[in-house]
Amino acid sequence: MYRISLVLAGVWTLFLFNGCAGISDPHFESPVVSLSSFRMLPQAGSGPKFEIGLHIINPNRRPLDFEGIYYTVNIEGYDVLAGVSNNLPTVEPYGEADFLLEASVDLLKSIRLISSLMQQPRDRFTYSFSARLDPGGLNPRLTIREDGEFSLQN
């Protein structure tokens, strides 16, 4: 009876490991994600909103069906925009896709940013866009970050 239990436990372990191996692709390559656009949307009553465009390149042989994304925009050290979405396109194997996100302004942090800018006026501002994409399954979440500067003058 002891031998039968050991054999069954061994067979069960093999099935378990084979099942987990099928869920996660050991050859999964992280997609390339870049910021393609950033603009303020027309005022709609509840405060300013921004549209953020992302471009994704899939270097894998299987489609990417993202579960969701969480993203923030930091200006001069203040996280002034944040948003989430679970409505993301499927990126075909060896394909590319563009999609738009909508981010709402954090009013309190925006007031702190404006107060800081009034104390130290400047014409150039630093920003940081950060996003965490969930490709689903056992694949690791993807974190992207893009830093830069912008000016309100031409």
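Which residue forms a salt bridge with Glu76, and how far apart are the closest N and O atoms? I looked this up before anything else. Glu76 pairs with Arg122, and their closest N and O atoms are 2.6 Å apart. I counted a salt bridge where a side-chain nitrogen of Lys or Arg lies within 4 Å of a carboxyl oxygen of Asp or Glu.

**Ground rules**

I am working on a predicted model, where local features need pLDDT of at least 70, side-chain atom pairs count only at pLDDT 80 or more, and totals for chains, interfaces and linings use all residues. Residues are numbered from 1 along each chain as its sequence is written, and side-chain values use heavy atoms, with hydrogens and water left out.

**Overall layout**

I listed the secondary structure next. The chain has two helices and nine strands. I took these as DSSP runs numbered from the N terminus: helices are H or I of at least four residues, strands are E of at least two. From the N terminus, the order reads α-β-β-β-β-β-β-β-α-β-β.

I then checked burial. Of the 154 residues, 32% count as buried. My classes are buried under 20% relative accessible area, exposed over 50%, and partly exposed in between, with a 1.4 Å probe and protein chains only. The chain exposes about 10400 Å², and carbon and sulfur atoms supply 56% of that area. The areas come from the Shrake-Rupley method with a 1.4 Å probe; for residues, only the protein chains shown count as cover.

I also looked at contacts, meaning heavy atoms within 4.5 Å. Among contacts with a separation of 6 or more, residues 24 or more positions apart account for 62%.

**Glu76 again**

I went back to the opening pair. Glu76 forms its salt bridge with Arg122. The pair links distant parts of the chain, 46 residues apart: Glu76 sits in the loop between strand 4 and strand 5, Arg122 in the loop between helix 2 and strand 8 (124-134). Glu76 is partly exposed, because its relative accessibility is 23%. Arg122 is partly exposed too, at 29%.

I noted the backbone as well. Phi of Glu76 is near 50°, a positive value in a residue other than glycine. Most residues other than glycine have a negative phi. Tyr94 also has a positive phi of about 50° and is not a glycine. I found Tyr94 in the loop between strand 6 (90-91) and strand 7. Tyr94 is exposed, because its relative accessible area is 61%.

**Other salt bridges**

My count came to five salt bridges. One of them joins Asp134 and Arg141, with the closest N and O atoms 3.8 Å apart. Arg141 is exposed at 54%. Another joins Arg145 and Asp147 at 3.2 Å. Both Arg145 and Asp147 are exposed.

**Asn74**

Is Asn74 buried or exposed? Asn74 counts as buried, because its relative accessibility is 19%. I placed Asn74 in strand 4 (residues 68-75). Its side chain makes a polar contact of 3.0 Å with the side chain of Asp79. For that term I required a pair of N or O atoms within 3.5 Å; within protein, one must be able to donate a hydrogen and the other to accept it, and residues adjacent in sequence count only if both atoms are side-chain atoms. Leaving out neighbours within four places in sequence, Asn74 is in contact with Asp79, Thr126, Tyr127 and Ser128.

**Strand 7**

Which strands pair with strand 7? Strand 2 (residues 49-57) pairs with strand 7 (residues 96-105) in the antiparallel sense over nine bridges. There, Phe50 has Ala103 as its bridge partner. Strand 5 (residues 78-85) also pairs with strand 7 in the antiparallel sense, over two bridges. Here the partner of Leu81 is Val105. I called two strands paired if DSSP finds at least two bridges between them.

I also looked up Leu100, which lies in strand 7. Leu100 is exposed, because its relative accessible area is 54%. Leu100 touches Ser37, Glu51, Ile52 and Gly53, not counting residues up to four places away in sequence. C-alpha to C-alpha, Leu100 is 9.4 Å from Ser36, and the two are 64 residues apart in sequence.

**Surface patch**

Leu107, Leu108 and Ile111 make a nonpolar patch of about 330 Å². Patches are made of residues with over 30% relative accessible area and no salt bridge; like charges are joined within 9 Å, nonpolar side chains (Val, Leu, Ile, Met, Phe, Trp, Tyr) within 5 Å. Leu108 belongs to helix 2 (residues 107-119). Leu108 is exposed, because its relative accessible area is 57%.
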